[in-house]
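Okay, thanks for making time, everyone. Let me put the model up and we'll walk through a few spots.

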Amino acid sequence: NTAIDGTKTSSDNAHTSLQNFGKMILGIGAAIVGAKIVKGAVAFGKEIAQSAAEDEAAWAKMAQAVENTGESYDVAGEAISDYVKRQMLNTAFSEDQQLEAIQKLTEMTGDYSEALDLTTLAMDVSAATGQDLASAAQLVGRVAAGDTTLLKRYGIIVGEGATATEALAAVSAKYAGQAQLMGDTALGSSAKLTNAWGEVKDALG
């Protein structure tokens, strides 16, 4: 009996030891998971703050570009915001991409309303040619200023002495609708979701 009791005691001790070891492992595991969650939350918080800061900076630059033309941003800001939101629903271009293009074209033309019209064309050029929106905006802005020599490389031929309006019409005739077409593809839909998530982070920031 003593041997049996001793064996039982050893078994109980071993069982208790295993239980304690298991609890310790669970505790360590919980601590590790908790640390990872905290680390992830901190990283996410930093990401949100960074995104919000970049968004604020982009809009500040946009406001300054408008004010430099002599227009009031109080009026222009709402029009630009409505335009950006609408284009985010129809195209794959993000808010930041659009603001950079609009700012550039506002500075080139001195007119934010014209810049919005030209940004739409720049989106079509970007979607069709694969160049980034800022570069496409630069191209469209130069054409709007009367520089039509660049169009030859895109296979667009305009007559000698063609006006900027005629040159822009030729660009539009070739590329119109490309941005929305790209936005309707699977790749475009994925970009829209990414852009929407970016807006969520900006709002949280």
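So, is R142 buried, exposed or partly exposed? R142 is partly exposed, with a relative accessible area of 34%; buried means under 20%, exposed over 50%, and partly exposed in between, using a 1.4 Å probe and protein chains only.

Quick caveats. This is a predicted model, where local features need pLDDT of at least 70 and side-chain atom pairs 80 or more, while totals for chains, interfaces and linings use all residues. Residues are numbered from 1 along each chain as its sequence is written, and side-chain values use heavy atoms, without hydrogens or water.

Back to R142, then. It forms a salt bridge with D147, with the closest N and O atoms 2.8 Å apart. The cut-off there is a Lys or Arg side-chain nitrogen within 4 Å of an Asp or Glu carboxyl oxygen. Searching the whole structure turns up one salt bridge. D147 counts as partly exposed because its relative accessibility is 22%.

Next, helix α2, residues 73–90. Helices here are DSSP runs of H or I, at least four residues, numbered from the N terminus. Among the buried residues in α2 are Y73, A76, I80 and V84. Down the axis, the buried set falls within an arc of 165°, so it lines one face of the helix; that arc is taken from the directions from the helix axis to the C-beta atoms. On the other side, D74, V75, E78, K85 and L89 are exposed.

Last stop: S189, in helix α8.

Notes
Helices (H or I, at least four residues) and strands (E, at least two) are DSSP runs, numbered from the N terminus. The expected span of a helix is 1.5 Å times one less than its number of residues.
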